[in-house]
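Colleague: I have the model open beside me and would like to talk it through. Could you take me around the chains, please?
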Amino acid sequence: MIRTPLRPLARILSARDRGANPDAIERENLRRRHEEMQDKSRARAEGRLLVLGLVFFCAFSAIGARMGVVSVSEAEEPEANAIGTPIAAQRGDIVDRHGRILATNFETHSLYAQPPQMVDPVASAKGLKAIFPDLDEERLIRDFTGKRKFVWIKKRISPEQKQAVHDIGDPGLLFGPREMRLYPNGTLAAHVLGGASFGKEGVNAAEVIGVAGVEKQFDGYLRDPANAGQPLELSLDLTVQAAAERVLAGGMKIMNARGAASILMDVHTGEVISMVSLPNFDPNDRPAPPTSGFDPSVSPLFNRAVQGLYELGSTFKIFAVAQAMNLGLVTPETIIDTRGPIRWGKFRISDFHNYGNELSVTKIIEKSSNIGTARLAQQIGAERQKQFLASLGFFEPTPFEVVESAGAQPLLPKNWSELSTMTISYGHGLSASPLHLAAAYATVANGGHYVSPTILKKEGVQHGPQVMSEQASRDSRIMLRRVVTEGTASLAEVPGYAVAGKTGTADKPKPRGGYYEDKVIATFASMFPANDPKYVLIVTLDEPSENSGSEPRRTAGWTAVPVAAEMIARVAPLLGLRPEIEPRVQPSVTLASN
Amino acid sequence: MRGFIYVLTALAVFGLAFWAYRENYATQQALRETKTLQRQIGDAQAKLAVLRAEWAYLNRPERLMELAEINFDRLGLLPLRPDQFGRVDEVSYPAEPLLPITNPVDISSMSEESDP
């Protein structure tokens, strides 16, 4: 690089000759040199800025391009993942408390046709008709030879049928994979499981959605891929459920009942071990819901145990008595005036038989005296009765995890008068489902703690708030035991299991008001073993009549009770309960604490 | 010296390129194998699900009850009932074995000598 001198001798000398200041030349040169330096560094800075700008531009366009690619491209499973993604079924299984399958998925195929690709539409239609007799051959030929490009033929076909269709050999007949819901046990626990059907359908897959029961309640859980095939564990016990269904079906037939329901519930956890409602259906082939008629209970889809709201009759009496004892109004030995009938306006309360002028509280339950319970209810009063029944869960639909239970709002009197207080004390004027009754009886059985009925498997005791004292609960159990040993439910005696319970026979209300003379709902609410109850069993028969005698007997003591006794005898050994000699009640010993 | 470094660098580039080439193909092979294995796992799981469903179907209480009834002659299976429970003291234990006789007493009047 040639450096221009600041004081070039030639110019200096000539400037001196002219008498000018040579310093001006030096300054001028210095200025030029500085300008040059400035220009150079500016150019360098500009170049750097350009490079930096280019780098940023490239970086942002790379990111932008990548984002575009990611958003446009199809999602893909990571292939190189060494652990391997579990290939989960589309919908989780449902299993019972011991892991036995109640509902699972099964891969089948759907059959569709693409008429433009068909070689011989008429022969194919004939072949299909031979395989599926329910198809309409005329219609198939019309569809295959017409303008249609796509025809669904069958939603689900078996592997044998698939092979048969394959053997027709027409390239226009195509199969799509279909996952279907399978209930291997058929009608078992049909009302709890509900059923499933197809949602959105495509050629390659179809959505399976729950339509009723736990399938609908837990639809989100079952379909959530995050659960990765984790089954839904129910509290049901398959063997117990099967035994209960068999006994109840037999009982329903013998007692000539229209329908029947039973609930077996663990008193400490609220788990429902078995729930039967008859008549039932096969969830693999769920019948269509009834479209006509104002009585939904005619349909086999109707879950009597959960949806059926009935006046449960004398089974309610124990609540009035338990509350009176809990409030300290009476003791089991208190004598109550039972002279009747009680007249209230044009309404009169009377007993089935005349039980004399006075009865002890224990005898009231034992004999099932309406008048006695009505008198106790009068002492309790409407407000306190309402509060107590509400705490037992009679004012709300049960929190049971089956979709239908949310609609079972108990029917309460609009105006809770003193008369309502009296009639409700013996189970008339308030309609609730057998499941409500089971939860309330579990409260009496487990020492006074409310338990909410559940269909999910639970670990350990699930006691809710204390509703009545331990003492009141124990005394009530002793009374209920006496109903079986000496009172109206004598047929419920199962040797070794010390059954305690209360019968209830309520006249069926007519749909247009009033009550039928010869149609009843017979209920037996029981718990066993009475000295330390583990299970509550509710058996309800709809319009039973036992015709072995000279005239039909309809009371629960003759209808529901023997069925319940047979059920306990069948089911208790399956639950792992050994028959035991009942410890004697020792009324002289008073429990006390310091 | 400089030429030697050039040759060395070129060789290193060749070597690395060859290594990358091999790794690329090895990775692709591994991916293919993974895919196959995953498909096999999927098929096996589907098969397992079918077998489980079939097991559940064959073990449905209704069918077992029918089978028990059909084979009643041979098996004699009855529903479980409370009266089938027993207590431990109802079980008969095998009798205690008799103590060995160490000093037998001859009580027969007939002795060997008197035999005819």
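Modeller: Gladly; chain A has 18 helices and 18 strands, and please keep in mind throughout that this is a predicted model.

Colleague: What radius of gyration does chain A have, and what would a compact globule of 594 residues have?

Modeller: For chain A the radius of gyration is 41 Å, whereas a compact globule of 594 residues would have one near 25 Å. The C-alpha trace of chain A spans about 155 × 85 × 50 Å along its principal axes.

Colleague: And how much of chain A counts as buried?

Modeller: Buried residues are 43% of the 594 in chain A. As for its contacts, if you take those with a separation of 6 or more, 69% of them are between residues 24 or more positions apart.

Colleague: What about helix H1 of chain A, how many of its 10 residues are buried?

Modeller: The number is zero for helix H1 (residues 9-18) of chain A, so this helix lies largely in the open. Just after H1(A) comes Gly19(A), which takes a positive phi of about 80°.

Colleague: Let's move to domains. Which ones does the assignment give for chain A?

Modeller: The domain assignment of chain A gives domain 1, made of 107-115 + 140-219, and domain 2, made of 239-288 + 296-574. Taken over C-alpha atoms, the centres of domain 1 and domain 2 of chain A are separated by 44 Å.

Colleague: How many residues of each are in contact with the other domain?

Modeller: In chain A, 17 residues of domain 1 are in contact with 17 residues of domain 2. On the domain 1 side, the elements giving two or more residues are helix H6 (190-193) and helix H7 (213-217) of chain A. By class, that side of domain 1 of chain A divides into nine nonpolar residues, seven polar and one charged.

Colleague: Switching to helix packing: at what angle do H3 and H4 of chain A cross?

Modeller: The axes of helix H3 (residues 121-131) and helix H4 (residues 137-145) of chain A cross at roughly 145° and come within 9 Å. The crossing of H3(A) and H4(A) is right-handed.

Colleague: Which residues meet there?

Modeller: From H3(A) they are Pro121(A), Val122(A), Ser124(A), Ala125(A), Lys126(A), Leu128(A) and Lys129(A), and these meet Glu137(A), Leu140(A), Ile141(A), Phe144(A) and Thr145(A) in H4(A). The contact of H3(A) with H4(A) has seven nonpolar, two polar and three charged residues.

Colleague: Now chain B, please. How many helices and strands does chain B have?

Modeller: Chain B has three helices and zero strands, and from the N terminus on its elements run α-α-α.

Colleague: Is chain B compact or spread out?

Modeller: Chain B has a radius of gyration of 42 Å, well over the 13 Å that the globule rule gives for 116 residues, so chain B is more spread out than a compact globule. Its C-alpha atoms fill a box of roughly 130 × 55 × 35 Å, taken along the principal axes. Of the 116 residues in chain B, buried ones make up 3%.

Colleague: Last topic, then: how many residues of chain A are in contact with chain B?

Modeller: There are 30 residues of chain A in contact with 22 residues of chain B. The elements that give two or more residues to the chain A side are strand E2 (101-113), helix H9 (238-254) and helix H18 (560-574) of chain A.

Colleague: How does that side of chain A divide by class?

Modeller: The side of chain A that touches chain B divides into 18 nonpolar, seven polar and five charged residues.

Methods: Residues numbered from 1 in each chain as written. Chains lettered and ligands numbered in written order. Predicted model: local features only at pLDDT ≥ 70, side-chain atom pairs only at ≥ 80, totals over all residues. Contact = placed C-beta atoms within 7 Å. Helix = DSSP H or I, 4+ residues; strand = E, 2+ residues; numbered from the N terminus. Nonpolar A, V, L, I, M, F, W, Y, C, P; charged D, E, K, R; others polar. Domains from an automatic or database assignment. Axes fitted to C-alpha atoms, helices over the stretch in contact; angles between N-to-C directions. Left-handed = near helix turned anticlockwise from the far one by under 90°. Rg over C-alpha atoms; globule rule 2.2 N^0.38 Å. Buried ≥ 20, exposed ≤ 12 C-beta atoms within 10 Å, placed from the backbone.
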